[in-house]
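Visitor: Hi, could you walk me through this one?
Guide: Happy to. Let's bring it up and go piece by piece.

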Amino acid sequence: MPRPTVAQLTYGSCTVIFSTLAMLLLSQTSSGPGVAVIAIAALGLGLLVAMTVPVPRPSPASASASASASASAPPVRQQAQPEPVPVPVASVREPTAS
């Protein structure tokens, strides 16, 4: 499993903190089970937000380099391509004025 990025940790943490405060203030609960339910709901919401933050994709150059470095199979030998044969172009004579 890949490690979370800084943006994912930041958004998830802010979501947990602010949603917990908002739910506690709106519900005005003071009982232990009520606070526990709000805390669990805030943690779930923070996890959902952290997992849906877009993850930057690696650039094509680094992706191809890591793919070739991680390949465990021996490299496939490529067949030699035949050299293109130049085709002679017939010279065209321009008609002369008489």
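**A loop residue, a helix and a patch**

Guide: Let's start at Gln 28, which is found in the loop between helix 1 and helix 2. Keep in mind that this is a predicted model.

Visitor: What phi does Gln 28 have?
Guide: Its phi is near 50 degrees, a positive value in a residue other than glycine.

Visitor: Is Gln 28 buried or exposed?
Guide: Gln 28 is exposed, because its relative accessible area is 68% and the cut-off for exposed is over 50%.

Visitor: Okay, zooming out. How many helices and strands does the protein have?
Guide: There are three helices and zero strands. Read from the N terminus, the order of elements is α-α-α.

Visitor: And how much of the protein is buried?
Guide: Buried residues account for 10% of the 98 residues. The accessible surface of the protein is about 8,900 Å², and carbon and sulfur atoms hold 68% of that surface.

Visitor: Back to helix 1, then. How many residues does helix 1 have, and what does it reach from end to end?
Guide: Helix 1 has 22 residues, and the distance from its first C-alpha to its last is 31 Å. That is close to the 32 Å expected at 1.5 Å a residue.

Visitor: Which residues of helix 1 are buried?
Guide: In helix 1 the buried ones are Gln 8, Gly 12, Thr 15, Ser 19 and Thr 20.

Visitor: Where do they sit around the axis of helix 1?
Guide: Looking down the axis, the buried residues of helix 1 fall within an arc of 120 degrees, so they line one face of the helix. As background, an α-helix has 3.6 residues a turn, so residues three or four places apart point the same way.

Visitor: What do those buried residues pack against?
Guide: The buried residues of helix 1 pack against helix 2, which spans 32–52.

Visitor: What about the other side of helix 1, which residues are exposed there?
Guide: On that side, Val 6, Phe 18 and Leu 25 are exposed.

Visitor: Which residues make the nonpolar surface patch?
Guide: Ile 17, Phe 18 and Leu 21 make that patch, and the area is about 330 Å².

Technical notes: Residues are numbered from 1 along each chain as its sequence is written. This is a predicted model: local features need pLDDT of at least 70, side-chain atom pairs count only at pLDDT 80 or more; totals for chains, interfaces and linings use all residues. Side-chain values use heavy atoms; hydrogens and water are left out. Patches are made of residues with over 30% relative accessible area and no salt bridge: like charges are joined within 9 Å, nonpolar side chains (Val, Leu, Ile, Met, Phe, Trp, Tyr) within 5 Å. Accessible areas come from the Shrake-Rupley method with a 1.4 Å probe; for residues, only the protein chains shown count as cover. A salt bridge is a side-chain nitrogen of Lys or Arg within 4 Å of a carboxyl oxygen of Asp or Glu. Helices (H or I, at least four residues) and strands (E, at least two) are DSSP runs, numbered from the N terminus. The expected span of a helix is 1.5 Å times one less than its number of residues. Buried means under 20% relative accessible area, exposed over 50%, partly exposed in between (1.4 Å probe, protein chains only). The arc is that of the directions from the helix axis to the C-beta atoms. Contact means heavy atoms within 4.5 Å.
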